[in-house]
Amino acid sequence: MPTPPEGRTRLSSRVREITVGAAQLGPIARHDTRAEVVERLMALLQQGSDQGCDLVVYPELALTTFFPRWWITDTDELNSFYETEMPSPEVKPLFDEAARLGVGFCLGYAELTPDGHRYNTYLLVDGDGAEVAKFRKVHIPGHEDHEPERPFQHLERAYFEPSPQTFGTWTAFGGEIGLALCNDRRWSETYRVMALADVELILIGYNTPIHYFPDPSQDVLAGFHSRLVMQAGAYQNGTFVVGVAKGGVEEGVEGLAESCIIAPSGEVLAQATTDGDELVVATCNLDWCAAYKNTLYDFSRYRRPEMYAAIAEPMAQRKNQTTAEAAPTNGETSGHQGGMP
């Protein structure tokens, strides 16, 4: 294992602290190359090393612009946004730099498998530059077909398959680490499944446009809703949560920033103050999780799983409702379906 830079303290069994950097990205243009983006990622990784980070967490789809905003019919063009190997030659310098610095990272990207499957993927890498875990997004939002009346598309359901596997946890960085992506953060089951495996730190990358076409009344609440679900997920499951955005105006679409690190108490420990490239750092004492897991949220003592069977049952699809029926709105209304990213 490479020697950590001077002044760094390795995680040990005696001190269950991990210093995490939420590496928020600003916009990535459609014409930006992988090499240009990787340079930005490496700059944030170096900042993380300088600030004593053990782990630097990047957003969802961190290597390209958010391409599901376009209806793309040319297969070669569509494939250009996916990675067929990881690390690819363009991304390998990031792995090499991580190993040199002794800092782990988590990276979101579009994955095209050898047998033709397309996933929205999150990769956890340790301080040696070796893969620890690969997660594929479970809750795929958006729509499947071209909807030209939208100001921009959200075609994740056309370009990605949902993961065939559930949420997992991995022992790494001195604790139990869980992974999720974007829309996964909005579902309480995401956190609970990992909490049942004693998760202590959940990493979540996201790309969230502020304008939500199916119900624009929610636009002003984008930041509130994002923090709400992550803070509730942290508190109700006794875990740290790290939410990392790609924000700012990207190809004409304003994306939510507000990357943050949340404690098991539900409190925000640190939050981004810009919508560009920014590193948000906090030291997480993983033993804090036990203060909630062993008291209010002692699952073995207080849960009543026999009462929750309906949660795991499929639900009949509801008829479409316009936003005018669902909530008071001053903006446009639409009957279109589309999960919030």
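**Exercise 1. Count the cavities and describe the largest one.**

Solution. Start with the count: the protein has two cavities of 30 Å³ or more. Here a cavity is a set of points, on a 1 Å grid over the protein atoms alone, where a 1.4 Å probe fits but cannot get out. Grid points are joined across faces, edges and corners, and a volume is the space filled by probe spheres set on the points. This is a predicted model, in which local features need pLDDT of at least 70 and side-chain atom pairs count only at pLDDT 80 or more, while totals for chains, interfaces and linings use all residues. Residues are numbered from 1 along each chain as its sequence is written, and side-chain values use heavy atoms, with hydrogens and water left out.

Next, take the volume: the largest cavity has about 130 Å³. Lining residues have an atom within 4 Å of a point.

Now ask which elements contribute. β10 (248-250) and β11 (253-255) each supply at least two lining residues, and the largest share, three residues, comes from β11. Strands are DSSP runs of E with at least two residues, helices are runs of H or I with at least four, and both are numbered from the N terminus.

**Exercise 2. Describe the second largest cavity.**

Solution. Its volume is about 90 Å³. Of its 12 lining residues, R150, H154, Y212, F213 and P214 are the closest to the centre.

**Exercise 3. Find which residues of helix α5 are buried, and where they lie on the helix.**

Solution. First list them: in α5 (residues 188-195), the buried residues are T190, Y191, M194 and A195. Seen down the axis of α5, these buried residues fall within an arc of 120°, so they line one face of the helix. The arc is that of the directions from the helix axis to the C-beta atoms. Buried means under 20% relative accessible area, with a 1.4 Å probe and protein chains only.

**Exercise 4. Step back to the whole protein.**

Solution. Count the elements: there are nine helices and 14 strands. Finally, 52% of the 341 residues count as buried.

How values were computed: On a 1 Å grid over the protein atoms alone, a cavity is a set of points where a 1.4 Å probe fits but cannot get out, and a pocket is an open set with protein on both sides within 12 Å along at least five of seven lines; lining residues have an atom within 4 Å of a point. Buried means under 20% relative accessible area, exposed over 50%, partly exposed in between (1.4 Å probe, protein chains only).
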